[in-house]
Amino acid sequence: MACGVAQAKTVFAYRFDYVTSLLGLLFQLYVLRAVWSSIYRGHDSVSGVNLSTMVTYATLASFQNWLLNPWQFSLIPDRVREGRVAVDLVRPVGFVTQVVVAQVGRTAATLPFGLLLVPALAILGARTPVSATAGFEYALSLVPAYAIITLLSVVVGMVSFWTIELNGMIVIYWMISQFLSGTMVPLWFMPSLLRDFAKILPFQAFSYTPNAIYVGQIGAADAIGAIAIQLVWVALLYVLCVLIWRRAIRRVVIQGG
Amino acid sequence: MGSEPIICVESLVKEFRRTKQQSGRFSAIRTLLTRERTVSRAVDGISFGIPEGELVGYLGPNGAGKSTTIKILTGILMPTSGTVHVAGIVPWRERKRNAAQIGVVFGQRTQLWWDLPLSDSLELVGRLYEIPPPRFRFNLKLFTELLELGPFLSTPVRQLSLGQRMRGDLAAAMLHSPRILFLDEPTIGLDVVAKERIRSFIYELNKEQGTTVILTTHDLDDVERLCQRVLLITDGSVLFEGDVESLKNMHTRERDLIIRLPPGSESIELANFASARIVDESGDLTRVRFNPQSLPITELVSFLLSKYAIVDFSVKEPELEEVVRNIYAARSL
Ligand SMILES: Nc1ncnc2c1ncn2[C@@H]1O[C@H](COP(=O)(O)OP(=O)(O)OP(=O)(O)O)[C@@H](O)[C@H]1O
Ligand SMILES: [Mg+2]
């Protein structure tokens, strides 16, 4: 708990950065809308999806990504490189617990900044969910989505116990996961081979699934199945996380003396 | 002593396997996949026991393996082999339980939250360790007084000076009243006043609360002021274990007798003493080096007094600094 509070307070210590990145996000959303509008010029719908649905999806996906999946992705690599894990490990609370709680704290503190943006999202063309059921299922699917994001960040972050310099790999991972999650381009616009590939990976479960439910591309009935798949990913990633941690703790090499 | 030592270390070994860093294209990935390893032994068969309530100096030159040992004792590093018990707990197996009974300060890094005021950090530590509120308030008040934290309690940690931060860190390490305190270079980079404040805090803790303290330092004044016993290690092995006096005696048996003669008097002759010699003559001061074991000081002094008109004399004890310098130098040959 305390780690979460600490991380939340850290967010407020850097509120200026958050406001700046908020402006960056607004600009990004504006550009996205312009791009999709120009792609759609002269067409009412592409692959059976109309412009307003597309803009809603793109806006929401980027917003959600900004809120739940920040660029300072995992808190682990920096702490390992700077040897600060030493301090984390002498605490009477598990390391993974500390990291997860800290990430949740960070998100919770970012939330108010995000809420500021909701009116802007509407102005930029985001519509309400296609139905009340879809809205409800969307909200429901955000929970496992967030769990997946967090677990992935822990799993990837823990690689830093094996190799200290992880930054380059994180950038690559970040870009690939962004793309395969359907944040940039929804799965329905992907070539079928790529789409099938994306579907067997966990990334789509945190971005595509909730947003496609919201705009109705995953119907109310299919949504239950999609959420079940999310839950399977949560379970799998959790097990993976535990397994990796058991090995990582044996590998721990604290930098600096 | 009789009772079980609170810290038992036996045949402790820690090897570091370093993967060779690959260079060139895709170096990060190739480093990850490579099998090339170099092995170095940071700790090479160390054994010792520390009775409860003792304040022990853990000394050794750079790279001797001090920090590595501390990391193992605090449970954040797994040894390659050997056994360790800290108040009955194997630290790396029950890291969380061990954490609750020890306090740690790594002088080179802080356990405080960089961006938060010191008071917030201390409060968070209180919650992490689930310290009962009355005890928390009591300790906070006590440490604020002893370490004079008052003036900067509300300053963000990143704006604290090194000395202020170190005091904050010490307070954080002791908030949960641990039985054992590990200090890895707590006075590094501090001025004389700050060092003194930290020393007297450590002294108080050990004396008043009976906290067992293991102190790593390169500042031998710390050791002379604080430590009842020292452990000296080099290259991962124990070189000496005992009190400060016997360390000095063991490695420099000789003492210097400094004699002041009246101006213009003839110089001293020591011809009939085999184990005494003049090492320095400057102005009216003569420095005689002798071995008190073969030549009792009383004998030397009474001889000199009977033959020369001595104005003043003093015996210089060897400085720990010098002793340790000699030991380190001898090892690196
Ligand atoms: N993470 C690591 N990976 C590889 N080797 C290491 C690592 N940490 C320490 N070593 C090696 O182990 C040896 C002991 O290091 P350690 O930090 O314990 O020394 P120390 O006694 O604390 O020295 P100092 O007085 O300089 O702090 C050194 O030779 C060091 O190079
Ligand atoms: Mg060290």
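Predicted model: local features only at pLDDT ≥ 70, side-chain atom pairs only at ≥ 80, totals over all residues.
How many nonpolar, polar and charged residues are in the lining of the largest cavity?

**First stop: the cavities**

Rolling a probe the size of a water molecule over the atoms shows where empty space is left. A search of the whole structure finds four cavities of 30 Å³ or more. The largest cavity has a volume of about 120 Å³. To find its position in the viewer, select A:V87, A:V90, B:V104, B:V105 and B:Q111, which lie nearest its centre among the 16 lining residues. Next, colour β5 (102-106) and α6 (162-174) of chain B, the elements that give two or more residues to the lining of the largest cavity. Of these, β5(B) gives the most, with five residues. The opening question can now be settled: the lining of the largest cavity has nine nonpolar, four polar and three charged residues.

**Second stop: the contact between chain B and chain A**

Display both chains in separate colours. The contact takes 32 residues from chain B and 32 residues from chain A. The size of an interface is often given as the accessible area lost when the parts come together. Here, the area buried between chain B and chain A is about 2900 Å², and carbon and sulfur atoms give 64% of it. Now select B:R95, B:R109 and B:L128; these residues supply 22% of the area that chain B buries against chain A, more than any other three residues.

Which kinds of link cross this interface? The count of salt bridges between chain B and chain A is zero, whereas three residue pairs are in polar contact across the interface.

On chain B, select α1 (27-33), α2 (66-73), α3 (95-101), β5 and α4 (118-128), each of which supplies at least two residues of the side that touches chain A. The element that gives the most to this side is α4(B), with five residues. By class, the residues on the side of chain B that touches chain A divide into 17 nonpolar, five polar and 10 charged.

Over all chains, the structure holds 19 salt bridges. For one of them, select B:R41 and B:E15, whose closest N and O atoms are 2.9 Å apart. B:R41 lies in strand β2 (residues 37-50) of chain B and B:E15 in strand β1 (residues 7-19) of chain B, so this pair ties together parts that are 26 residues apart in sequence.

Technical notes: Residues numbered from 1 in each chain as written. Chains lettered and ligands numbered in written order. Heavy atoms only, no water. 1 Å grid on protein atoms, 1.4 Å probe; cavity = no way out; pocket = protein on both sides within 12 Å on 5 of 7 lines; lining within 4 Å. Points joined across faces, edges and corners; volume = space filled by probe spheres on them. Helix = DSSP H or I, 4+ residues; strand = E, 2+ residues; numbered from the N terminus. Nonpolar A, V, L, I, M, F, W, Y, C, P; charged D, E, K, R; others polar. Contact = heavy atoms within 4.5 Å. Buried area = accessible area lost by both parts, 1.4 Å probe. Salt bridge = Lys/Arg side-chain N within 4 Å of Asp/Glu carboxyl O. Polar contact = N/O pair within 3.5 Å; in protein donor to acceptor, adjacent residues only side chain to side chain.
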